[in-house]
Amino acid sequence: MATAETESTKQKETKQKELVVCSHNEWDPLEEVIVGRVSGGAVPPWHVTLQAATPKESWELLKLLSGKPAPDAMVQAAQRDLDQFIHILQSEGITVRRPDPIPQTNPFSTPDWQAESGYNVANPRDGLLVVGEEIIETPMAWRSRYFEVHAYRALLHEYFQAGAQWTAAPKPQLADSLYNEDWELPEKGEPLQFAVNESECCFDAADFARCGRDLFVTRSNATNQFGIEWLRRHLGERYGVHEIKTQSRQPMHIDTTFVPLCPGKVLYSPDFLDPNNVPEILKSWEFLPAPRPVNTMVQMIDLSSTWLSMNVLMLDEKRVVCEASQEPLIEKLTEWGFEPIPCPYANYYVYGGAFHCSTLDIRRRGSLQSYF
């Protein structure tokens, strides 16, 4: 005769199977994921938010190519890597969904400003945040990304009709007053400057890492305290939102600084994070220092930190997809008890992301828990 506890467990399992959107952390077994597209993109228009997020060595070239269609050779190389990644996901039994191929190369405007072009739909991790059974559209600070979520609209409609919660954070005006036009790259040891102030609510989903009932966030050149507080109030008392202090001089997204791999273990960048200066709640976790990145610069345009090397995707608590050329990291992950799945992805880096950035996990098999 079944006990009440057994019946409750069965009910939870049945509900889990019925949920079309359900993802509580970065490591539960991955069942369905959205993977971005590289076709139809543009070099992002030059703006202080781009300057504050990209290596100084790339600024002049980015200014020259501002708003122009992405070079064909760049697109084709990234597509080859992307195809291999998608093949790996599908061969592991994961359902792969894609955004609509909406071209980003046309100029557009609002009543307040004009943009030479959009950007791309390569990184769904930025504009959409999945917390449990809810998908949240984020109020991104880049003007070039203002309408990027339109590429995901058909998927959002589908998920909503199937029972998911769908929320849009307050759409920012992105007025001139939001931006610190005098932003300068701080010297090492100088206080951080940010390209956005607190006049409007803005945040990128990729500045958050999910660990069940606790989320971790970095204040960055795309995410301000207004945005962090909006999400904290929106999620309510069921969740805790904790800030990770970054040492990056150009902070942009948490997943090149702090990457939870499984309960109790975090991969971190020794350049960007001091494990002794993290929220008290994390003091019981093991902090695993990522080895120095292998140089994978294969394109003329560099949009990201070299620490994209640690921008991995967990398929479950053991299996982890990582860049094939990052052999020191692969060796360390193996030593730490994980099962690396190498995949060439350096050609994708020019789109400002790697495996974690270029995906949005829609469904992971697991339940909401506290890990602290």
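Let's start with Asp361, which is buried at a relative accessible area of 1%; here buried means under 20% relative accessible area, exposed over 50% and partly exposed in between, using a 1.4 Å probe and protein chains only. The model is predicted, so local features need pLDDT of at least 70 and side-chain atom pairs count only at pLDDT 80 or more, while totals for chains, interfaces and linings use all residues. Residues are numbered from 1 along each chain as its sequence is written, and side-chain values use heavy atoms, with hydrogens and water left out.

## Salt bridges

Side chains of opposite charge can pair when their charged atoms come close. A salt bridge is counted when a side-chain nitrogen of Lys or Arg lies within 4 Å of a carboxyl oxygen of Asp or Glu. The whole structure holds 24 salt bridges.

Helices (H or I, at least four residues) and strands (E, at least two) are DSSP runs, numbered from the N terminus. Both Asp361 and Arg125 are buried.

Asp361 also meets Arg210 in a salt bridge, at 2.6 Å from N to O. That pair links distant parts of the chain, with Arg210 in strand β8 (residues 208–211) and Asp361 in strand β17, 151 residues apart. Arg210 is buried, with a relative accessible area of 4%.

For a contrasting setting, turn to helix α8 (residues 327–335), where Glu335 and Lys332 are three residues apart and thus separated by about one helical turn. Their salt bridge has its closest N and O atoms 3.6 Å apart. Glu335 is exposed at 57% relative accessible area, and Lys332 is partly exposed at 31%.

| Salt bridge | Closest N to O |
|---|---|
| Glu335 and Lys332 | 3.6 Å |

Glu200 is found in the loop between β7 (165–168) and β8. What does the side chain of Glu200 reach at 2.4 Å? The answer is the backbone nitrogen of Gln173, and the backbone nitrogen of Leu174 is reached at 2.9 Å. Both fall under the heading of polar contacts, pairs of N or O atoms within 3.5 Å; within protein, one must be able to donate a hydrogen and the other to accept it, and residues adjacent in sequence count only if both atoms are side-chain atoms. Glu200 is buried yet has no salt bridge, as Arg143, the nearest side chain of opposite charge, is 7.4 Å away. For charge, Lys and Arg count as positive and Asp and Glu as negative, with His and the chain ends not counted.

## Aromatic rings

Rings of Phe, Tyr and Trp (its six-membered ring) pair if their centres lie within 6.5 Å; planes under 30 degrees apart count as stacked, over 60 as edge-to-face and the rest as tilted. There are 22 aromatic pairs in the whole structure. Phe258 and Phe287 have ring centres 6.4 Å apart and planes at 50 degrees, so the pair is tilted. This pair links distant parts of the chain: Phe258 is in strand β11 (residues 258–262) and Phe287 in strand β13 (residues 286–289), 29 residues apart. Phe258 is buried at 1% relative accessibility, and Phe287 is buried at 16%.

Tyr345 and Phe355 are stacked, 4.3 Å centre to centre with 15 degrees between the planes. Both are in the loop between β16 (339–343) and β17 (359–364), ten residues apart. Tyr345 is buried at 0%, as is Phe355 at 1%.

One aromatic cluster is formed by Trp27, Phe216, Phe258, Tyr268, Trp285, Phe287, Tyr371 and Phe372.

Charges also sit over rings, which requires NZ of Lys or CZ of Arg within 6 Å of the ring centre and within 35 degrees of the ring normal. Lys171 lies over the face of Tyr146, 4.4 Å from the ring centre, and Arg219 lies over the face of Phe194 at 3.9 Å.

## Cysteines

How many disulfides does the whole structure have? The search finds zero, a disulfide being a pair of cysteine sulfur atoms within 2.5 Å. The sulfur of Cys202 is 6.9 Å from the closest cysteine sulfur, in Cys201, too far for a bond. Cys202 is buried at 0% relative accessibility.
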